[in-house]
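Please read this short report alongside the sequence and the 3D view.

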Amino acid sequence: MDKLQTLQGVAAPLMRPNIDTDIITPAGRLMDASPETMHQFTFEPLRFLPDGGENPDFVLNQPAYRGAVILVTGPNFGCGSSRETAVWGIKGLGIRCVIGESFGDIFFNNCFQNSVLPIRLPAEQVAELAAEAGADQGNRQFTIDVAARTITTPSGRELPFELPDDRQEALLEGLDDIGQTMKHDGAIGEFQERDRQARPWIYLSGQQS
Amino acid sequence: MSDASTLFDKLWRAHVIRPLSDELDLLHVDRLLIHDLSGGRAMIELAEKGLSVRNPELCLATPDHSISSLPGRTAASSPFGEQLAGGLRRAAEAAGIRHFGLEHANQGIVHVVGPETAFTLPGSLLVCGDSHTSTHGALGALAWGIGSSELTHVLATQTVRQRRPRTMRIAVDGELGEGVEAKDVILHIIGRLGVDAGVGHAVEYAGSTIAAMSIEERLTICNLSIEFGARMGMIAPDDVTFDYLHGRPLAPAGEDWDRAVAHWRGLVSDDGVDFDRQEAIDAGEIAPQVTWGTSPWQTLPVDGRIPAPDDFAEAEKRHNSRLALDYMDLTPGQAIAGTRIDRVFIGSCTNSRLSDLRRAATIAKDRRVAQHVTAWIVPGSQVVKAAAEAEGLDKIFLEAGFEWREPGCSQCVATNGETVAPGERCVSTSNRNFVGRQGPNARTHLAGPAMAAAAAIAGEITDVRTLAN
Ligand code: SF4
């Protein structure tokens with residue numbers, strides 16, 4: 001997994017609530033999906049017009065936000081499906097951090113699997129960040145410092161955010177979950193041996209049928 | 001009582017291999033369900049990493065998302081069927097994973113196949129790369145949906161790394177009114193609590209109404225847990241559960257069965273235990289539901305009127321409702337009944353089991369689907385299809401002008417190319433009415449199977465209670 005230590009750049013406000021995974025990556029685009037190509041279809045229903053042209057009203061189509069690396073979102077962003085394409089899609093657009101009041105639980109987890117940082121903040125703070133991100137001003141640079149767990153806004157305000165230690169370490173070091181868990185393979189084997197005595201019916205024999 | 005535990009606590013504790021930090025546990029996965037949309041790919045990814053499937057005997061794979069539902073179908077009948085269902089078959093065979101392929105008598109939607117084969121068991125921890133995995137909680141399993149990276153992780157290690165959610169209990173008590181189904185109960189709950197009420201929570205459904213429900217009804221309830229944000233929904237196993245499971249293909253047998261049942265009887269929330277959140281629902285208040293918007297909370301009794309955005313106190317709901325009414329092309333103040341429709345889809349992991357089809361058939365019998373409506377019945381599995389045919393339900397539907405199709409997800413998500421056309425209005429027994437869910441610019445109204453069948457007959461959204469009389 002790639003590391004995420006500090007992130008500097010523009011934040012795009014996308015405050016519509018309940019943007020679900022069917023909006024982020026529509027079902028019709030999943031069949032051939034890969035992390036490399038998904039960004040072509042990210043936010044398709046919002047980003048493009050029925051004739052296939054860009055919708056100029058959509059924030060990421062506006063010149064000031066084309067290179068955005070942060071998305072400030074409305075509540076419940078990423079609700080709906082488990083599809084990890086939603087994270088591939090936003091990461092493919094260059095977004096490495098999403099900030100909102102709440103997120104779909106599976107989406108929230110999927111972000112960490114792809115080195116994208118989701119940050120939950122109280123609604124008022126999200127609204128303030130959205131206002132700063134949307135302000136028509138010269139300096140638009142936000143800075144996210146993963147080690148310090150802080151967001152620095154263009155006006156120089158510093159906001160702390162919460163991030164569990166293990167998540168922080170994984171982002172900073174680019175650690176992969178599978179490798180981490182494999183270290184516990186002995187404990188997994190012991191658990192199964194014990195459990196097989198207590199709940200033998202759980203341990204099916206090999207392939208039948 | 002300090003040592004009182006919730007059902008959730010008991011299930012969680014039984015699966016902790018070791019804590020990884022204060023809040024993060026490494027949990028054993030007893031059951032992994034794999035489908036064609038992400039399964040084949042995850043197994044290929046695993047192989048590319050030089051890893052193998054740790055416990056193939058604890059996995060079950062079946063294609064559902066990409067395959068056609070056309071009678072007489074093959075993998076080639078849908079645009080990506082060969083690639084995805086074929087890929088799943090090859091990967092499952094290579095890994096030695098139990099695979100119910102396209103021609104297998106047990107093929108079907110993962111969330112239908114798991115319970116009906118007793119792959120899903122009370123007390124088991126089950127995951128699947130699909131958000132509606134909460135369905136399996138209806139049997140007293142701890143079950144939730146995971147992403148594709150997590151899926152690869154489970155394949156390699158037979159574990160998940162998971163943070164403990166908060167607990168929530170929803171008690172539904174009282175008797176259901178005439179024509180009210182499990183689908184109406186859960187839509188009503190989501191409408192009452194809101195679309196994100198369950199975020200971060202594991203939900204236990206309890207109360208006399210739930211206790212009186214069949215397993216198939218309970219599966220419908222737990223299926224929609226994710227639609228108010230809860231990753232896990234569960235119901236304590238009881239005699240109804242044990243009777244349902246007994247004798248199914250993968251259920252324990254003989255002495256193992258007796259030991260298992262004795263163990264399962266302890267899987268209840270202890271008296272007086274605390275939940276982080278509690279809600280009470282009066283079953284008597286629930287009417288047959290139909291959704292009017294593009295999120296499942298936007299539901300109303302079928303005899304109700306379409307709300308105006310200004311009816312909602314919260315700015316966010318007003319905003320959402322305005323967008324939804326526009327997308328759905330509906331006018332506030334109108335009765336929802338009488339809204340003309342183009343399509344009906346009866347199927348999906350929410351409502352495609354035998355009892356669902358029976359209720360729809362009761363409505364369809366000796367009636368005709370309206371001229372302008374295309375109506376599909378897509379059974380949830382080959383087992384459901386065979387059982388329905390054995391009692392003649394297929395004939396009732398075909399005579400009424402419904403299409404009788406092959407098992408799979410089909411129009412619930414339309415990844416197999418079976419879309420609702422732009423601008424068309426569909427009454428669907430599935431679980432998501434999101435923008436574009438059934439196809440670009442498709443308009444979806446969620447309802448139960450009897451209401452959907454009634455809409456097919458009437459050619460418009462209609463109150464099943466008036467049609468039944
Ligand atoms: S039927 Fe629909 S909701 Fe259920 S698993 Fe298939 S696509 Fe998902």
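## Basis

This is a predicted model, in which local features need pLDDT of at least 70, side-chain atom pairs count only at pLDDT 80 or more, and totals for chains, interfaces and linings use all residues. Residues are numbered from 1 along each chain as its sequence is written, chains are lettered from A and ligands numbered from 1 in the order in which they are written, and side-chain values use heavy atoms, with hydrogens and water left out.

## Helix α5 of chain B

Helices (DSSP runs of H or I, at least four residues) and strands (runs of E, at least two) are numbered from the N terminus. In α5(B), ten of the ten residues are buried, so the helix is largely enclosed by the rest of the structure. Buried means under 20% relative accessible area, exposed over 50%, and partly exposed in between (1.4 Å probe, protein chains only). Among the buried residues are B:Glu150, B:His153 and B:Leu155.

## Positive phi angles

Just after α5(B), B:Gln158 has a positive phi of about 60 degrees. B:Gln158 sits in the loop between α5 (148–157) and β8 (159–163) of chain B and is buried, at 0% relative accessibility.

In chain A, A:Asn18 also is not a glycine, yet has a positive phi of about 55 degrees. Its loop runs between β2 (11–14) and α1 (21–24), and A:Asn18 is buried, with a relative accessible area of 9%.

## A loop residue of chain B

B:Glu314 lies in the loop between β14 (299–301) and α11 (315–328) of chain B. This residue counts as partly exposed, at 40% relative accessibility.
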